[in-house]
Amino acid sequence: MRHLLSTRDLSRQDAIEILDVAEEMSAVGEREIKKLPALRGRTVVNLFFEDSTRTRISFEAAAKRLSADVITFAVKGSSVSKGESLKDTAQTLEAMSADAVVIRHWASGAPARLATSDWIDAAVINAGDGMHEHPTQALLDAFTLRRHWAKISGVPAIGSDLSSMAVTIVGDVLHSRVARSNLWLLKTLGASVTLVAPPTLVPVGAEAWPCRITYDLDEALAARPDAVMMLRLQAERMNAAFFPSTREYSRRWGFDDARLAALDTHGLEHTVIMHPGPMNRGLEISAGAADSPRSTVLAQVRNGVSVRMAALYLLLSGEHQATSVPATTQLTQENSR
Amino acid sequence: MTAPARYLIRGAALLGRERADLLIADGIIAEVGTGLSAAGATLIDADGLVALPGLVDLHTHLREPGREDAETVETGTRAAAKGGFTAVHAMANSTPVADTAGVVEQVYSLGRRAGWVEVRPVGAVTVGLGGTQLAEIGAMADSRAGVRVFSDDGVCVSDPVLMRRALEYVKAFNGVIAQHAQEPRLTEGAQMNEGAVSAVLGLTGWPAVAEESIIARDVLLAHHVQSRLHVCHVSTAGSVDIIRWAKARGIRVTAEVTPHHLLLTDELVRSYNPVYKVNPPLRTGEDVQALREALADGTIDIVGTDHAPHPSEHKECEWAQAAMGMTGLETALSVVQHTMINSGLMDWEGFARVTSRAPAAIGGLEQQGRPCVAGEAANVTLVDPAARWVVDPDKMATMGRNSPFAGTELPGAVHATFFRGHPTVLDGRLNTPHPTAAEESTWTG
């Protein structure tokens, strides 16, 4: 693995390796000194063309726990071309000897442009690009689901996948990079996926996707999902005629208290409720659901750091070579120091 | 000029059929026959070459005036000559817009001074391409440039009343409105064809219906006011169906397809490489197949390059930031040979129809697209159909490096281009402009 651009082109083996290494990284986070020397002397640049406090600090924490030097480069995101180009920015980072670039960009494909151009030699991690993908979000969601799935199945999480798990993703699929990355990764890991959205927020062309698509959330819940993932409704969609009003959206596609109760009615003891954050409480998810024992919201945030540590570690420590076995071994040695 | 004014082309296959000698003298085809004497003439051995009427492009962006960093009339027409063209129509979206007699005369004059091909300016339909007020179409028609084709290309004349008036008004000058069919509200922020690929890539879709709905409306308007309509760069199978229906009803509509829409599909966008960003966007394989069949059966009348050079910084960026457009003048012949002739859909006679005769007729160019017979203006292109070459944008005459065919091996090469009896291209290389170019002084002079 040279870059982490999308989950669509991530093999099952690479995905499981990232999740397994993340499990080891998670153990580091539970120690008194939450730091490994693995990336000492390496430079990780957080290049953010779009505001995102949560993802940025998660990557920052991940890089720092691996002892990398972290530089944050926030370019005020604008859809109008002015100021420095992506090419000039990339070449500037190259001149500063960045080893990895974590890029968040409002334009779909910007990380792929960085990775495939000759502007920069660093490893590129996609931290969310436009409506395309957000692979580390999907990996942390899969990590969270795998721990849950392994626990109720009574097997160790390491090495396992999401076979026979049923996951329902609800909300604005059209504009969601989280939905796309999750769909591809969940399929790769053996889960079955149902998408629930208003018809206006399902992309034309999604009929070819490897999932079931329905417009009826209650019907989807009656189909007994093991996990329900609620997507954030972006403010700019609310007045763009995709649906009549936020109240109507909330009634039909929001995870409210009645639907929370319906999980019990359906006898779905182990079904979890996920949200990538930040949540619009009372809109796509009720406070009751967000704060219920079924909610994995905080676990997702916690796991985000572990997964991003794993991604940085695998891309940088084993640069240009096979990383699978040595990575784990080396880590164990460092742990024992 | 010291170059001899007489050329004997020995043994060219006329339109790919019978072989003959062509004697070119004093700007015309003086004689056609076999065993013609080469005395006093420069001999060109055309063994294995196909003789065609010089190519005519109805859709070229020469960028001058205003964006001389992208292309000039000089560089764009060099590229045209190299690609086998003897005439191009310069689109109106320059800066300032070609919406007055002054601007179209400037472009016309720059073309005469360059001397590589005949340059016919296209006039804007509306002032500043603004879509609200008709430009002075009559003044442009009566100008020295003699404009007959009017287009807001780059922008759709979306107001149905304005489109109706434009279609009606140009009847006074035997003009034609060339429509860029794109419903603006359906394509706000559009980045690529809307379909399976855009769904995965997360790029805002440019739906086929945004093109088809405008074409449907416009053919009905053209029928209603009994005028001529030309549809630029048709890109979808649905558009082909509508145009076929309109022609069957006797509506006077002509249609154009670009070489890139005959070959490339939206699968290429998966690379996010903006060299594939173009308007209308690359469509699906089914659309490509429908466009080829429509060009072969005459539903689509012509090939227009939509040659659109851009400076590199407008393509070396994020997809969403990149400019739309591809160069096309120097690859058009090869792409059409590859997609239409080598695929068995068309012969060289058909090739001459769609690249020369029909576009010359739509544009009202009397000296272009003529048969290879004695007495006609010597606008002739010699093609080596057996040649194969790898596209290298750095070796092109256009200033644009944005060729989607870079690195692709294509068949067919231009061996020579004769423009009004003068070889602008010889042995596959640019020669010299037409000697009369020097006679055109400054356009103000």
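I take helix axes as lines fitted to C-alpha atoms over the stretch in contact, with angles running from 0 to 180 degrees between N-to-C directions. Helices (H or I, at least four residues) and strands (E, at least two) are DSSP runs numbered from the N terminus.

**Ground rules.** I am working with a predicted model, where local features need pLDDT of at least 70 and side-chain atom pairs count only at pLDDT 80 or more, while totals for chains, interfaces and linings use all residues. Residues are numbered from 1 along each chain as its sequence is written, and chains are lettered from A and ligands numbered from 1 in the order in which they are written.

**Chain B, α1 and α2.** I started with helix α1 (residues 73-82) and helix α2 (residues 101-114) of chain B, whose axes come within 9 Å and cross at roughly 60°. That makes α1(B) oblique to α2(B); angles under 35 degrees count as roughly parallel, over 145 as roughly antiparallel, 65 to 115 as roughly perpendicular, and the rest as oblique. I noted the crossing of α1(B) and α2(B) as right-handed, the term for a near helix turned clockwise from the far one by less than a right angle (anticlockwise is left-handed).

Next I listed who touches whom, counting two residues as in contact if their C-beta atoms, placed from the backbone, lie within 7 Å. From α1(B) I have B:Val73, B:Glu74 and B:Thr77, and from α2(B) I have B:Val107, B:Leu110, B:Gly111 and B:Ala114. By class, this contact of α1(B) with α2(B) holds 4 nonpolar, 2 polar and 1 charged. My classes: Ala, Val, Leu, Ile, Met, Phe, Trp, Tyr, Cys and Pro are nonpolar, Asp, Glu, Lys and Arg are charged, and the others, Gly among them, are polar.

**Chain B, α6 and α7.** I then turned to helix α6 (residues 208-225) and helix α7 (residues 237-248) of chain B, whose axes also come within 9 Å but cross at roughly 10°. α6(B) and α7(B) are therefore roughly parallel to each other. On the α6(B) side I found B:Ala208, B:Glu211, B:Glu212, B:Ile215, B:Ala216 and B:Val219, meeting B:Gly238, B:Ser239, B:Ile242, B:Ile243 and B:Ala246 of α7(B). I sorted this contact into 7 nonpolar, 2 polar and 2 charged residues.

**Chain B as a whole.** I count 10 helices and 19 strands in chain B. Its C-alpha trace spans about 65 × 45 × 45 Å along the principal axes.

**Where B meets A.** The contact takes 17 residues from chain B and 21 residues from chain A. On the chain B side, helix α5 (residues 196-201) gives the most, with 4 residues. That side of chain B divides into 8 nonpolar, 5 polar and 4 charged residues.

**Chain A.** Here I have 12 helices and 9 strands. Chain A has a radius of gyration of 20 Å, close to the 20 Å from the globule rule for 337 residues, so it is as compact as a globular protein of that length. Its C-alpha trace spans about 55 × 50 × 35 Å along the principal axes.

**Domains of chain A.** The domain assignment gives domain 1 (12-133 + 301-318) and domain 2 (135-296), with bounds from an automatic or database assignment. In chain A, 24 residues of domain 1 are in contact with 21 residues of domain 2. α1(A) gives the most to the domain 1 side, with 8 residues.

How values were computed
Rg over C-alpha atoms; globule rule 2.2 N^0.38 Å.
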